[in-house]
Amino acid sequence: MSNSDKRKKPEELRSHRWYGVRDLRSFGHRSRTAQMGYHRSDYAGKPVIAIINTWSDINPCHSHFKQRVEEVKRGIWQAGGFPVEMPAMSLSEPFQKPTTMLYRNLLAMETEELLRSYPADGCVLMGGCDKTTPALLMGAVSMDLPTIFMPAGPMLRGNWNGNTLGSGSDTWKYWAELRAGNITEEDWQGVEDGIARSPGHCMTMGTASTMTGAVEALGLCLSGASSIPAPDSRHAQMASLTGKRIVEMVWEDLKPSDILTAASFDNAVRTVLALSGSTNSVVHLIAMARRSGFGLDLDRFDHLARTTPVLANLRPAGKYLMEDFYYAGGLRAMLVQLGDLLDTSQRTVDGRTLGENIAGARIFNEDVIRPRAQALIERDGLAVLRGNLAPDGAVIKPPAMEAHLQVHTGPAVVFKDYNDMAARIDDPDLEVNADSVIVLQNAGPQGAPGMPEWGQLPIPQKLLKQGVRDMVRISDARMSGTSYGACVLHVAPEAYVGGPLALVRDGDRIALDVPARRLELLVSEEELAARRAAWQAPPPRFERGYGVLYLKHIGQADTGCDFDFLQTETRAPAAGEPEIH
């Protein structure tokens, strides 16, 4: 029997324990609700819907959420529910230091505990800025109430002197040109003023659009919702429809555990790959899958990458921006092109299968969304590297790098941490050339701390002036999904805990072979053993507060950087469900 065949009765609602029983505690709940101006007819026997809102005055990606939350509430009221807005920590990618990744798990914990401790029958998750999407869903999946995600939507295209600008991607591009002396400070000011000109998250295929696209493929937001630009009036309509749908989901008792499967995570990974999405998605999807009881790992990403074409011609790997993607047909049109690579029988929050949701979707601009027969790149939107420098894996994004660097051997130029790199990278006396391999240590989950987006290491200024625009760069950090270059990321285990990356010295030769998926430090085992014996663990990064909890329990990049006490034991796949190895 499906969930929709067995609808809940009002007395079966979770909130009934707060509002519906006749005792002293319920008297307090009802009287205090009356204190807020609500009559019992507003909530009696109705689903209470928690709206987890990550709006704040310092999160530009969510600056429209004050209005959107009212539209979500409108939909909930219209469908016969009782909306309760619950503000949660706002992870603002442009402002929060050292990185929002340090606080992803804190928002996940807050979301889970808000839903656990209050009379919520279901929830709407309002997010979009990079880490808010996985954080909200990690918490909600762990609580497993009826859940629907409302994506923030991308901002409009940027503009400067007739040039279309993409957030992040063109920041790095023009910063390099400024440092090389090819544009003026006045030009740079013009880029600054024109690159972000509306509410919404990055309109390149950065982490934000990557993760909201993955969530749509997982079936956890309304079909088509992830592609709508934030200022578009259809985004407001989507917010209201989201509010309406969550009320029905509560009556149907349709929960994340009814939707998420090994196959739906495969669908999400395929979607990320077809979008040439952010490398950050690897960490986030592994964490989300493990919260759901599925053992998604790096090898599964690499396996699926070998047969998944890149179909979205979007920056930084391609030409266009998210506004163009929406007008070209959006995610639904791209998913149709993936065809038999997806399991379209998977359930979604719409109450239909993924296949039913995307049926009939068409491409309206085949240069923006490529038909499968004319893929932008035939395969390998991401690649997982292994070798003695990354025994637990590292990731790279081949479409975003200069092709000649995919097989490269060069001498290491090593920086012990970010401050060391910032102090010396532009030193005219730095011994570096275009063949060098720049290595940043101690930028991982514990070492930075928080694994910031430092992985797109700057090209030394003297090489920029020579015309060099890409080099092999290696770190245990992440990089922005809007970034580009031959950047090896997420090296595990990280340098701070004594991983091989900590043992690299200036002049060591490093071999990168993307087609062979290899990353090797060309130093003898005897020499590495001697260096390992001499290595000393650095002092803890925190002495109090959340940071101490973080350092004690954070996992490495290959396991999703979740807290060890929050992951779910991997369960055996159900009959007919593909097993992820």
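## The N-terminal domain

In this predicted model, residues 46-357 carry the UniProt feature "domain: Dihydroxy-acid/6-phosphogluconate dehydratase N-terminal", taken from an unreviewed entry. Over residues 46-357 the chain is 48% helix and 9% strand.

Gly-224 sits in the loop that runs between α9 (207-218) and α10 (233-252). Gly-224 has a relative accessible area of 18% and is buried, because the cut-off for buried is under 20%. Between Gly-224 and Pro-493 there are 269 residues of separation along the chain, and their C-alpha atoms are separated by 38 Å.

## The C-terminal domain

UniProt also gives the feature "domain: Dihydroxy-acid/6-phosphogluconate dehydratase C-terminal", again in an unreviewed entry, at residues 367-561. Here the chain is 15% helix and 21% strand. The end C-alpha atoms of residues 367-561 are 36 Å apart.

## Salt bridges

How many salt bridges does the structure hold? The count is 37. One of them joins Arg-157 to Glu-323, with 3.5 Å between the closest N and O atoms. Arg-157 lies in the loop between β4 (147-151) and β5 (158-160), and Glu-323 lies in helix α15 (residues 322-327), so the pair ties together parts that are 166 residues apart in sequence. Arg-157 is partly exposed at 24% relative accessibility, whereas Glu-323 is buried at 8%.

Another salt bridge links the side chains of Arg-245 and Glu-252, at 3.0 Å from N to O. Both Arg-245 and Glu-252 are buried. Asp-470 and Arg-473 also form a salt bridge, and their closest N and O atoms are 2.7 Å apart. The relative accessible area is 7% for Asp-470, which is buried, and 3% for Arg-473, which is buried too.

## A patch of negative charge

Which residues gather in a patch of negative charge on the surface? They are Asp-427, Asp-429, Glu-431 and Asp-506.

Glu-431 is found in the loop between α18 (418-424) and β10 (437-440).

Notes. Residues numbered from 1 in each chain as written. Predicted model: local features only at pLDDT ≥ 70, side-chain atom pairs only at ≥ 80, totals over all residues. Heavy atoms only, no water. Patch = residues over 30% accessible without salt bridge, like charges linked within 9 Å, V, L, I, M, F, W, Y side chains within 5 Å. Areas by Shrake-Rupley, 256 points an atom, 1.4 Å probe, with all protein chains shown as cover. Salt bridge = Lys/Arg side-chain N within 4 Å of Asp/Glu carboxyl O. Lys, Arg positive; Asp, Glu negative; His and termini not counted. Charge placed at Lys NZ, Arg CZ, Asp CG, Glu CD. Helix = DSSP H or I, 4+ residues; strand = E, 2+ residues; numbered from the N terminus. UniProt positions renumbered as here; feature names shortened; annotations may be inferred. Buried < 20%, exposed > 50% of the residue type's maximum accessible area, 1.4 Å probe, protein only.
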